[in-house]
Amino acid sequence: MSEPTELSDSPGASRRRKPAAKPKGRVTMTDIARAAGCSQATVSFVLNNSPGIRLSQQTRDRVIEAARALGYSPPVFSALRPPVTPFEGLDGVIGFAVDQLATSPEAVVAIEGARQASWNAGNVLLVAQTMGDAVMEPRAISALTRRGISALIYMTIFTREIAAPDFLYSLDIPVILLNCYTADYAFPAVVPSEIAGGQSATRHLISHGHRRIATITGEPWMQAAQDRLKGYRRALATADIPFDPELVVEGDWSASAGYAATVKLLGLKERPTAIFCQNDRTAIGCYEALKEAGLHIPQDISVVGYDDEEIARHLFPPLTTSILPHLAMGQWAIEQLETPPTPGRGRYPITKLECPLVERESVADAKG
């Protein structure tokens, strides 16, 4: 791999660079690269303190300065800190089991959150995909435990209550549930605060004067879809806006479903002035249907998404959406191990992490 291209490190070049404008929402390496005037690869090498990469100290300083100015919060400045001693009780290896890894970005984001928190304390992760298979899952967990893991994070892709398999109860190491929970509260668990997220998204539209607000849901059997719809209804009720079932269209999280649902909503006698799409992929289809109908976003109809996928910031106009806190959930899971739970004992509350709203350009005040 060739060395990343750098901009001039001359004092003049440094003086000509304008201060970084802090972007709205989550700061990415792309944002830092733009502010520092270098490639995203260079940013990654600096923030991860990659060995064997020949970069000037001026470039390293410039990237770190840009990251700090933009409020990049993960523990990336390890080279500037003394090493952190791992807490007593962990031997440096943590297991992470997830039912699906390759089909959804959420698992990767949660693993990255756990990785950041683990590496900051000198620990590493061993990750296994289980597919929730009754035969292979216990074999996968057993393989992790034979490699000497001192704790296990157990994740499901879909937020839900699970009947924890018996082998989880029999483990003699701490177990943390991520994006799932059990009815007996036997393990510490963390999930997104989906009802509050749906309420916040809808309330944002209400604050811009919208009263005829439609929503395109996900698959109704999924807890995330149920809770986001509950949040939508709560926001309407709080604002004394009557619930209209005509404005709720069932989708399946896909862009094609978002397109079809939006066409249906535009066919109503009184069309909505705003649409809350319950994920960003649905919003992509919604955008296409609105533009095909000759409508402008947000001048004619405002749109809000959910999940804050990478595509959300690149739509035109950029999409207002809510962050799924899987990065923070992964970090939370590791933090719980600082005071590790006693295996097989106790009742632990379910922790719900906020889904912050990222305001972009897809929402405007309602006309009239």
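**Helix packing and burial**

A: H10 and H11 are oblique to each other, where angles under 35 degrees count as roughly parallel, over 145 as roughly antiparallel, 65 to 115 as roughly perpendicular and the rest as oblique. This is a predicted model, in which local features need pLDDT of at least 70, side-chain atom pairs count only at pLDDT 80 or more, and totals for chains, interfaces and linings use all residues. Residues are numbered from 1 along each chain as its sequence is written, and side-chain values use heavy atoms, with hydrogens and water left out.

Q: At what angle do helix H10 and helix H11 pack, and how far apart are their axes?
A: Axes are lines fitted to C-alpha atoms, for helices over the stretch in contact, and angles run from 0 to 180 degrees between N-to-C directions. Helices (H or I, at least four residues) are DSSP runs, numbered from the N terminus. For H10 (residues 255-266) and H11 (residues 280-292), the angle is about 45° and the axes are 6 Å apart.

Q: Is threonine 262 buried or exposed?
A: Buried means under 20% relative accessible area, exposed over 50%, partly exposed in between (1.4 Å probe, protein chains only). Threonine 262, in helix H10, is buried, because its relative accessibility is 0%.

Q: Which residues is threonine 262 in contact with, leaving aside its neighbours within four places in sequence?
A: Contact means heavy atoms within 4.5 Å. Threonine 262 touches Ile216, Ile275, Cys286, Ala289 and Leu290 on that basis.

Methods
Helices (H or I, at least four residues) and strands (E, at least two) are DSSP runs, numbered from the N terminus.
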